[in-house]
Structure formats: structure tokens, C-alpha cells
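This short report looks at charged pairs and a surface patch. The structure comes first.

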Amino acid sequence: MGKVYVFDHPLIQHKVTKMRKATTPVKEFRDLAKEVSLLMGFEATRDLPLKEIEIETPICKTKANVLDGEDIAIIPILRAGLGFVDGMLELVPTAKVGHIGLYRDPESHVPVEYYCKLPSDLDKRVVFILDPMLATGGSAVAAVDFIKQRGAKDIRFLCLIAAPEGIKALSEAHPDIDIYIAAKDDSLNEKAYIVPGLGDAGDRLFGTK
């Protein structure tokens, strides 16, 4: 059964607050996204399997732990999820990276797929789906659907800010996946934006309107 983790680490909370500010410029927002994703990824990878190997230090031979295979896939939901990729890759440089392109229909708020390119061996990997905002949950549910259809079994969802509606939708549609959240907000407004949120994460990452 999947779990929902809301991080209370002071550094994560401090950086998220800076990202919320409307006056934070694009360059700083982008840097903060990378930093937060690294901190979140550090916690979300806590239970990765280890194996013991023998190494030689400058002093003697000893046994020590390393990751067992490093079989990880990072899959950002385009385009805002791209802001989380660099931080995750700093943690696990050998990870494979896939991409899912979804946009939310402005009238129905239903996710529409326009691009999907994923590693072929997802069934052998721990899969981290990256998307800064979990609003209605529609895009997240659709992304997990696509990834499961391609064989993935161990899936974790990382997001910066989530609304209760999105958490509920994703948890009910996919009760087997873990959800990692930097901040849980109050609600959605009439336009399905998270309140208080931080606006459109893609626009703020890439300087668009």
C-alpha cells in the first residue's frame, strides 16, 4: 500500500517559500527547483537496496555497501517536471531518463498526451515521476497509467506542492505508489490552480506567460 510523505525539513520549507514569492526571478526559481528536487530525492531514495562488496582503502581491505544495480528511471512530466531532473541526476547520475508530455485542456481540465518516450526496461527499475504541481491529479494519474502499461512496478511520485484533491485522486487511482510532497496546500480555485500555490510552475521555470 502506497504512502504519502510530506517533508518538514527546514531547508526544503525555506526554499519552497522562496519559490512561492511572485518576485522570485526565473534564474533563482530554476536554481531553487534543482535544490529542492535534490533534497527531496535524497529522502525518497532512502530505501534503495544495497549490496555488500569488498574494497581496499589506503589502510586495508574491508567490506562496504553500494547501491544494488543503480536501476533507476527518472521521468519528468513535460514541461514543468524538467526543473526537477538535474537535482535527481546529481544524486543518481546513472539513472535513465524518460519523458511524458501532457497538457491540461483549459475547458475540461482533462490531461491530453502529446509525447511519450520511456526506457524499455521499466520493469527492472525504480521509477521516479517528477512534476512540481499535483493539482487535480489528472495528469499524474494519466502518467502513472502510461508507465504501468509499459511494465513499471515500483513507482514513486515526487512533487513540490500538492492540493488535497490531487493527493486523493492519485491515491485512489493508484493506491500502490508512494507520493512525496514538499508542501501540502489548502485547495484548488475555480481555474484548478493550487491555492496558495506558486502559479504556473512551467511558466516560472522557463520565463513564459
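How many salt bridges does the structure hold? It holds 14 salt bridges, each a side-chain nitrogen of Lys or Arg within 4 Å of a carboxyl oxygen of Asp or Glu.

## Basis

This is a predicted model: local features need pLDDT of at least 70, side-chain atom pairs count only at pLDDT 80 or more, and totals for chains, interfaces and linings use all residues. Residues are numbered from 1 along each chain as its sequence is written, and side-chain values use heavy atoms, leaving out hydrogens and water.

K18 pairs with E28 in a salt bridge, with the closest N and O atoms 3.5 Å apart. K18 sits in helix α1 (residues 10–20) and E28 in helix α2 (residues 26–44), so the pair ties together parts 10 residues apart in sequence. Helices are DSSP runs of H or I, at least four residues; strands are runs of E, at least two; both are numbered from the N terminus.

K18 is partly exposed at 28% relative accessible area. E28 is partly exposed at 29%. Buried means under 20%, exposed over 50%, and partly exposed in between (1.4 Å probe, protein chains only).

## The R156 network

D47, D154 and R156 are linked in a network of salt bridges. R156 meets D47 at 2.7 Å, N to O. This pair links distant parts of the chain, 109 residues apart: D47 is in the loop between α2 and β2 (50–56), R156 in strand β10 (residues 154–162). R156 also bridges to D154, at 3.4 Å between the closest N and O atoms.

R156 is buried, at 5% relative accessibility. D47 is partly exposed at 49%, and D154 is partly exposed at 32%.
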